[in-house]
Each structure stands twice: as C-alpha cells, then as structure tokens.
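Subject: Structure handover and side-chain findings

Dear colleague,

Please find the structure below, together with its sequence. I would be grateful if you could read the notes that follow with the model open.

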Amino acid sequence: LPRLIPGGAGTVSAEWRNREPGAVAQFLLGEASFRRVQMSDALDHYRKAIAIDSTFAFAALRGAQAATWKHRAAEAAAMVGVALAQPLPPRYHELALGIAEYVRGRADSAAAHLNSALKADPDMIVAWMELGEVHTHLLPLTGNPDSLADRAFTRAWQLDTASASVLLHPIEMRLLRGDTAAAAPLLTRFRAANPDAGVLGPLLIIDECVRRSAASVDWRAHATRAPLALLSSAKSLAGAAAQPACADSAFRAVLAVDTAATDSADGRRFAALLGLQALQLARGQPQQAAATIDAFATRWGAGTSLFLLGGAFVPELLERARAVARSDSAQYGATYLTLPYSRRLWELGLLQARTGSVEVAAAAAAELQRRSASPDSVYSRARAQSLDAFVQLARGDSSGAERALSALITAAPIAEEYQWDEAGSLAAERLTLAVLLQARGASQQAIEVASVLDSRWHLMHLQYLAPSLALRARAARSLGNSILEQHYQARLAALRGIAPVTTGG
C-alpha cells in the first residue's frame, strides 16, 4: 500500500500492522492530500479511515490536524478524543494532548505537550509542524510567536523536504521580511502541489505586492473577486507593520469595494476598518485614524466604539472617546449596566479605569462578572478579569494588577475568531503587563511579554505596536544593551517614517 499510495508516512508504519487494509489505504490517501495542502480531501480520507477502523489513533490525530486547517474545531476535538480513547505510546499521547490544547486555544500548554513529544522523538515531523501552527495562530505569555514558529517549521521542513504543508507559513514569513529571493523557490514548489485555493490566494496577493509595489497591484480586482483572501493578506501584511504600504492599500480596497449587504460583508468591512485605523495609530497618525473611523460611521452607522479603545491609550483620541462614553451613559445609565454588548461594556470600563473614574469601571467589571456566570460565557469572564485588573491598577495596586494580568494571559484561551477581535487576543493587557514589569525592574521579562505583540496573526496587536517598541527600547537601555535598544528604536523610527535616533556605547 505505501508503494501504491505514496504518502510520506513511513515513520509511522508500525501503526499499520494488523489493520484493515481499507483503513490504511484511506489513511495514506489522507496523508498524500495533506502533504499537497488539499485539506478538504485529506479530512474526508481520515474520516473514512476512522469509520473503517475506530481504533486507528494516528489517523484520528492527523484528521484532527486537517480539521483545524478547515476551521472545524469541534470535529478536531472529537477526533483527538477518538485517539485518546486508545492506548498510545508516550510520544503520541503527548502529541494528542498538544493538539487538544491547541484546539482549546491554550498556547503554552499546547507547546509544553508538543515539546514533550519532541523530547521523546526529536524527528517527529507532525509534532514540529503542530508546534509551528501553535506559535503561528496562538499567543504564548512571552516570546515572539513568528520567530518561534519559524524555528519549528524550519525543523519540520528539514525532516520532510517533499511536503508542501510545511511551507505555507515559512513562505509568508520570508515575504513579509521582504526576502523575495528566499521565498520564490519555496512558493514555486508550493504552487506545484496544487494546494487549496483558500490557502494559496492570500499568499499570492502578499507575493504580488511585496515583489512589485503597492501602487502596481490591482486592488479593486482582488477586492471584487476574493475579498476574504484580500482581507487575510492585509492582516498578514500589517502584522508588526511588516509591509505597511501594502496593508494600507489592501484594507482600503476592502472598505471601498466590498459593499455587499450581507453579514459576512459587514464583518469583512469592520475588520478592514479595525486594521486600517490600527495601522494609522501605529504609524503615529491619530487624526487620520479618527477620520477613518468617522468616515466608516457615516457610511455604515458603526465603528465609534474604536474611539473608546483608542482613547484609553492614545491622548489625541481621548476627547472623542469621552464623547462616545457620554452618549452611552445617557442611553444606558451612568455605569452602563443596561448595555447589552459585553465587548463595548469592557471598552467603556477600560476607558474609565485609565482616566480615573474608578468606581464606574469597577461597576462595569462587576456587571461583566455577573454575566460570566453562564457556563458558555468565556468571553465575558475574560473581559471581567481584565477589567478587574485595570481597576486594581487604577486604585494603585500595581502588584495585584500584575498578578491578575499574568494569570489572565496565561489561562485565557485564544479562540480562532479572536484574530479579528478588538479584545480577544488580550493586546491591551499584554502591553500593560509589560509596562508593569518594566516599572519594577524586570526588564528582560518586559521585553519578552511585549514581543508577543509582534504577532502578525492577531489584528489588534498592531494598535499597540508603537508603544510596545518604545517600551522595549527603554527596557533594553536599562539592561545596558545598546544594540538591542537601537534595534527597537530603528523599528519605531521606520514605523513612524522618521530617521532613527541612535545612542552611543
């Protein structure tokens, strides 16, 4: 069967012994499709393998990985459950637990299990690949996610140079760094595998803009043909402000062209607004960000909540934020307790905590805590814990706030949809924790926490990128590391379009 259906899965041949040949055939067909990044076909074959042989644990684990690529978290969790119901060798047991924690959105726990699997078997390709996926899509407490992901994918690629599935994110990272020479041969090999269009589309847009220029791309055509692919590429281009000109053009094209009257179009437009104004704030353009929000609100009747989030950290937007808060107070009461939207209640509470109205913020935190009593209110629970930490800080308890923020960031799951969410990735909390660490002299830890904001996967990180770079520069200076300080200053200067300020020594 391996000769008839080459799938590159020779390292797990022990898993095939004494199994129904039909199950093995479906598994190998799944492996072949997975390696070509044809994930719909791969998932279908793994399902069939498990249907024929429900004890085929490794087929279930590979099916779970394919399901996560297809954004089917519930099915992925169910397949991991199938695998864990079987007796597994220690390395596969740790792999299964790592995939399970990845599906739950718990980055540090997932990485710990996968590293345990790799300690038992350093050449376990599927574990290296899954570790790369964890660092790409989730957020650890500390460390630059892209750097961690690149190391994992590079090792997977070294072990399996014939698989296209390990090339996607490395190609993307090289393009975002502007290294088109290194990306080109990998992209050629990736395209030759005929991967799913939904995976390839955003990558080709990124490649086109980075290779040529933002001015040479027909953004309207992309927005008309594939607005979601364009939005996905914009998010990647904007991450850590890697390719700001391309990102700016892509976000604007979605806003200008994607005018369909559907819920999905509404979501895409708001995500584009979120990204564009965040990019403008990162580049030190608060007035342009305000104009972008106003234009969106005038046309679509939404978006003013972004003034609340911006005003909590950007002085130039504070008065606009206060105006929104006054309007909400008139409609929902002085402490906003009848406001039905938990995200906006958190944004109002955050603004009040940051600007001295502590009791109003505390009332909002208590209301969010009351709403989180429902077992399915994970989002409200995290918002309540976040706001409680900001209230502690406003009351002068910096140690309590630091403990609360650290506990929240460590424990709160990062759901896939949070990549587009104003609050779900805990960007404001990460920046504030880094500030507190630096204030008490834990400079290296502050740098490690703030470095997570370089992630390109979560759109709202961009809004906090500039202050995080400034903080990292200060922390490097306090450590006496002038080279690292100049690196962060140069990044900040490039972001703002000014000549870098250097220091001697």
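This is a predicted model: local features need pLDDT of at least 70, side-chain atom pairs count only at pLDDT 80 or more; totals for chains, interfaces and linings use all residues.

Residues are numbered from 1 along each chain as its sequence is written, and side-chain values use heavy atoms, with hydrogens and water left out.

Disulfide

The structure holds one disulfide, a term used here for a pair of cysteine sulfur atoms within 2.5 Å. C209 and C246 are the residues joined, with an S to S distance of 1.9 Å. The angle about the S-S bond is -95 degrees, and the link of C209 and C246 is left-handed. The pair connects distant parts of the chain, 37 residues apart: C209 belongs to helix α11 (residues 197-211) and C246 to helix α14 (residues 244-257). Helices here are DSSP runs of H or I with at least four residues, numbered from the N terminus. C209 is buried at 2% relative accessibility, and C246 is buried at 4%. In these notes buried means under 20% relative accessible area, exposed means over 50%, and partly exposed lies in between (1.4 Å probe, protein chains only).

Aromatic residues

Rings of Phe, Tyr and Trp (its six-membered ring) are paired if their centres lie within 6.5 Å; planes under 30 degrees apart count as stacked, over 60 as edge-to-face and the rest as tilted. By this rule there are seven aromatic pairs. In one of them, F27 and Y46, the ring centres are 6.1 Å apart and the planes stand at 50 degrees, so the pair is tilted. F27 is in helix α1 (residues 21-35) and Y46 in helix α2 (residues 39-52), 19 residues apart. Relative accessibility is 0% for F27, which is therefore buried, and 0% for Y46, likewise buried. The rings of F58 and Y92 are also tilted, because their centres are 5.1 Å apart and their planes at 55 degrees. F58 lies in helix α3 (residues 57-69) and Y92 in helix α5 (residues 90-104), so this pair ties together parts 34 residues apart in sequence. F58 and Y92 are both buried. One aromatic cluster is formed by F27, Y46, F56, F58 and Y92.

The charged end of K235 sits over the ring of W420, 5.1 Å from its centre. K235 also lies over the face of W457, at 3.8 Å from the ring centre. The criterion is NZ of Lys or CZ of Arg within 6 Å of the ring centre and within 35 degrees of the ring normal. F251, in helix α14, is buried at 0% relative accessibility. Residues up to four places away in sequence aside, the contacts of F251 (heavy atoms within 4.5 Å) include K235, L276 and L459.

Salt bridges

The whole structure has 30 salt bridges, each a side-chain nitrogen of Lys or Arg within 4 Å of a carboxyl oxygen of Asp or Glu. R174 pairs with D150, the closest N and O atoms being 3.5 Å apart. Helix α9 (residues 168-176) holds R174 and helix α8 (residues 145-159) holds D150, 24 residues apart. Both R174 and D150 are buried. In the salt bridge of R320 with D294, the closest N and O atoms are 2.7 Å apart. R320 is partly exposed, at 33%, and D294 is partly exposed, at 28%.

Yours sincerely

Definitions and conventions:
Helices (H or I, at least four residues) and strands (E, at least two) are DSSP runs, numbered from the N terminus.
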